[in-house]
Amino acid sequence: MKVWWDSLGAREQWLVGGGAVLALSILVYVLIWEPFQSSHRRLQHSVAEQRTDLVWMRQVAQKIQRLGNVGAMQSQSDGRSLLTLVDQTARTAGLGTALKQINPQGDDKLNVRLDAVEFDKLLPWLSALEREHPIILVNLNVDRTGASGLVNARVILQGRRP
């Protein structure tokens, strides 16, 4: 390599050296700088989206908090037991045939089993329980059945202290 270099004229050595520097610069740009900049732009965009999501979530959380406070003030226990309340609201929501078992777990908890229940009816019922009555959803376990839209559900509900 040294012999070849020495055999080149001064002008050719400048050309080859300049070409090598240019090729090295292009390689550094293509292999290091451009991927870094692309990643940096993508991360900046992601951060901006996440900040927007955070602002939205904070607004929704405040709204939920306000609605929760209003709902808590409006919901009053009408003297029915937790078991009676869950049973009656399930039947009112059209879940009576799917309601297979309700087991009390202490004074303020129920273990509820629903088989072959329509998923589209289950979620609104659970939401209404929490929203309209002093009941908290502690645990929900849902398994698909063979039929479309039907699930088996195991639910643990707890009564809130007013």
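**Basis of the entries**

I note that this is a predicted model, in which local features need pLDDT of at least 70, side-chain atom pairs count only at pLDDT 80 or more, and totals for chains, interfaces and linings use all residues. Residues are numbered from 1 along each chain as its sequence is written, and side-chain values use heavy atoms, with hydrogens and water left out.

**Overall layout**

I recorded four helices and four strands in the protein. Helices (H or I, at least four residues) and strands (E, at least two) are DSSP runs, numbered from the N terminus. From the N terminus on, I read the order of the elements as α-α-α-β-β-α-β-β. The radius of gyration is 33 Å, well over the 15 Å that the globule rule gives for 162 residues, so the protein is more spread out than a compact globule. That radius is taken over C-alpha atoms, and the rule is 2.2 Å times the number of residues to the power 0.38. Along the principal axes, the C-alpha atoms fill a box of roughly 105 × 40 × 25 Å.

Buried residues make up 20% of the 162 residues. Of the contacts (heavy atoms within 4.5 Å) with a separation of 6 or more, 51% are between residues 24 or more positions apart.

**Helix H2**

Proline 35 lies in helix H2. Not counting residues up to four places away in sequence, I found that proline 35 touches Tyr29 and Val30. I also located leucine 67 in helix H2, which spans residues 10–74. Leucine 67 is exposed, with a relative accessible area of 56%. I checked leucine 67 against arginine 131: the two are 64 residues apart in sequence and 9.3 Å apart in space, C-alpha to C-alpha.

**Helix H3**

Which residues of helix H3 are buried? For this helix (residues 82–92) I listed Leu82, Leu85, Val86, Thr89 and Ala90. Seen down the axis of H3, these buried residues fall within an arc of 120 degrees, so they line one face of the helix. The arc is that of the directions from the helix axis to the C-beta atoms. I found the buried residues of H3 packed against strand E1 (99–104), strand E2 (109–118), helix H4 (119–132), strand E3 (135–144) and strand E4 (150–159). Just after H3, glycine 94 takes a positive phi of about 85 degrees.

I found alanine 116 in strand E2. Its phi is near 50 degrees, a positive value in a residue other than glycine. At 44% relative accessibility, alanine 116 counts as partly exposed.

I placed asparagine 139 in strand E3. Asparagine 139 is partly exposed, with a relative accessible area of 40%. Which residues does asparagine 139 contact, leaving aside its neighbours within four places in sequence? I noted Arg154, Val155 and Ile156. Asparagine 139 and asparagine 111 are 28 residues apart in sequence and 9.2 Å apart in space, C-alpha to C-alpha.

Note on methods:
Buried < 20%, exposed > 50% of the residue type's maximum accessible area, 1.4 Å probe, protein only.
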